[in-house]
Each structure stands twice: as structure tokens, then as C-alpha cells.
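Hi,

Here is the structure I said I would pass on. Have a look at it first, and my notes follow below.

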Amino acid sequence: MSSLPSSADIKSEQIAAEIRDAIRFGTLQRGTLYSARELGERFGASRTPVREALLKLADLGLVRIERNRGARVLGPDGRGVVELCSLRVLLEPPACRSAAAVMTTRDDEELAAQLAIMAAHPDAGPEYFAADEKLHDVILRAGGNRRLAKFVGELRQTLALDGRLSVPRYQSVETALREHTDIVEALRRRDGVAAESAMRKHVVRSGELLVANTGEDSWGLVAEWRRWVGIAGTTGERPLF
């Protein structure tokens with residue numbers, strides 16, 4: 001039985017990505033209610049793929065479905081940030097370790113190229129973040145688990161709505177670049193344990209910055225975040241708050 005996505009699935013995923021980008025860039029305003037018909041006209045799609053796209057985005061906490069009315073744009077709140085970051089710390093480090101066992105020379109070259117782009121854009125502009133996104137995607141896909149790569153990619157895309165504020169506002173580009181370099185070097189050596197540790201350190205630090213700066217009940221959110229970090233088996237990282 002084929003595991004390839006259907007054309008309907010591809011269309012709904014495309015619409016979901018377009019809606020997510022529209023939220024990111026402010027074309028769709030947070031707090032505003034949009035009908036499926038309105039969104040279909042805006043993105044050139046019928047209601048069915050639009051509804052399926054909205055369900056995907058509702059699962060990620062970006063919209064709230066309101067029966068017979070449409071979907072209200074939310075964006076990730078403080079609790080949503082904790083949930084998304086927790087999923088990343090549970091999934092992405094072991095995926096990085098798995099990738100180390102099957103990486104190819106071509107993967108190494110691609111990671112080096114993306115790292116070079118990041119280093120060439122210390123202003124943390126669009127090129128920096130596009131390379132950052134591509135670097136993580138290469139690692140996830142190298143492991144061979146397409147569903148995992150897709151799911152974690154969606155988590156990262158959702159966090160990117162607010163997460164890009166963490167660089168350089170809350171941490172230096174140099175710190176983020178050093179963490180990515182450690183990940184890439186461990187993968188190049190095919191050292192799965194070191195790669196997992198480096199990825200975990202990076203994901204935990206990114207998550208801590210996002211959680212600590214949500215502007216909400218930070219102490220309660222921090223406590224929940226630390227609980228998930230402990231479950232993920234993190235050791236040796238100093239808390240940022």
C-alpha cells in the first residue's frame with residue numbers, strides 16, 4: 001500500500017502553510033474571525049482543503065474553530081509555547097542521534113552550506129532563519145522518518161511565529177551559531193551521543209528563552225517546562241532563569 005500523500009492532503013498542507021505564513025507576517029490578524037469561504041477566496045482553494053488546513057492549525061493552537069462561523073486566529077500563547085517546546089525536546093534530540101547513524105556525505109555538505117549561510121548573516125535576517133530552518137530539516141529527514149520530520153517541522157514553523165524574536169533579542173547570534181556548529185560537527189563525526197546532547201542543549205536553551213519571555217504567568221509556565229525537560233532526560237544544562 002502506498003504511503004504517498006494524496007493530492008487532497010498536499011493541497012490542505014499547502015493551504016495550512018500559506019495561512020501560517022499569513023499569520024506570521026500579519027496578513028491575517030490575531031483575534032480576527034475568518035470564514036472558510038473568505039479564506040478559500042483569499043488563497044484560491046475550495047472550502048474542503050481550507051477546512052482540513054484549519055483543523056491542522058487548530059491542533060497546533062494557531063486557530064480556534066468556531067462552529068458554523070469559521071476560525072479565529074490565535075497564535076501560540078504561553079501554554080502553547082510550553083507544549084510545542086516540550087514536544088521538540090522530546091523528539092528532536094533522539095532524531096538527531098538517529099540521523100548520525102545514517103548520514104551521508106551529501107548531508108554533511110548540505111549542513112555545512114546552511115551553517116555557512118547562517119555565519120554570513122550575523123544580523124539574524126531572513127536569510128539566517130531560512131538557513132536555520134533548512135539545517136534542522138536536513139537533519140530530521142536524514143534520519144529517514146518522514147512523519148517525524150514533517151511533525152517536528154510543523155512545530156518549528158509554529159514556534160517561528162514568535163521564536164525569531166529570541167535571536168538576537170534574548171541571545172546573541174554567536175551563541176546560536178556555536179550551538180548549531182556543535183550539532184553539525186558531532187554529526188560529521190557520526191557521534192550520535194554527542195549529536196543528541198548538542199541538539200538537546202540547543203533545543204532546551206531555545207525553549208527556555210521562549211518560555212521565559214512569553215509575558216504571561218512565567219513562573220507557572222517555567223515550572224511546567226522544567227518538568228518536561230526533566231522527563232526528556234536533560235542533564236548538565238544551566239537554567240536561564
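Predicted model: local features only at pLDDT ≥ 70, side-chain atom pairs only at ≥ 80, totals over all residues.

Is R20 buried or exposed? Its relative accessibility is 9%, and since buried means under 20%, R20 counts as buried. Leaving out residues up to four places away in sequence, R20 touches L57, L62, Q157, T158 and L161. There is also a pair to look at across the chain: R20 and E154 are 134 residues apart in sequence, and their C-alpha atoms are separated by 9.9 Å.

Now the overall picture. The protein has eleven helices and three strands, and along the sequence they come in the order α-β-α-α-β-β-α-α-α-α-α-α-α-α. Of its 241 residues, 45% are buried. Among contacts with a separation of 6 or more, 72% are between residues 24 or more positions apart. The accessible surface is about 12,400 Å², and carbon and sulfur atoms account for 51% of that.

On to the strands. β2 (residues 63–66) and β3 (residues 70–73) run antiparallel and are joined by four bridges. They form a hairpin with three residues between them, and R64 stands opposite R72 in β3.

In soluble globular proteins, nonpolar side chains tend to be buried together. The largest nonpolar core here has 62 residues, and the members touching the most others are I19, L28, I139 and L187. Helix α4 (residues 78–100) gives this core its largest share, eight residues. Which residues does I139 contact, leaving aside neighbours within four places in sequence? They are C96, A99, L111, I183, L187 and M199.

Finally, the outside. L87, L90, F151 and I231 form a nonpolar patch on the surface, with about 310 Å² of accessible area together. I231 belongs to helix α11, residues 218–231. Why does I231 count as exposed? Because its relative accessible area is 52%, and the cut-off for exposed is over 50%.

Cheers

How values were computed: Residues numbered from 1 in each chain as written. Heavy atoms only, no water. Patch = residues over 30% accessible without salt bridge, like charges linked within 9 Å, V, L, I, M, F, W, Y side chains within 5 Å. Areas by Shrake-Rupley, 256 points an atom, 1.4 Å probe, with all protein chains shown as cover. Salt bridge = Lys/Arg side-chain N within 4 Å of Asp/Glu carboxyl O. Helix = DSSP H or I, 4+ residues; strand = E, 2+ residues; numbered from the N terminus. Buried < 20%, exposed > 50% of the residue type's maximum accessible area, 1.4 Å probe, protein only. Pairing = 2+ DSSP bridges. Contact = heavy atoms within 4.5 Å. Core = buried A, V, L, I, M, F, W, Y, C linked by side-chain atoms within 4.5 Å.
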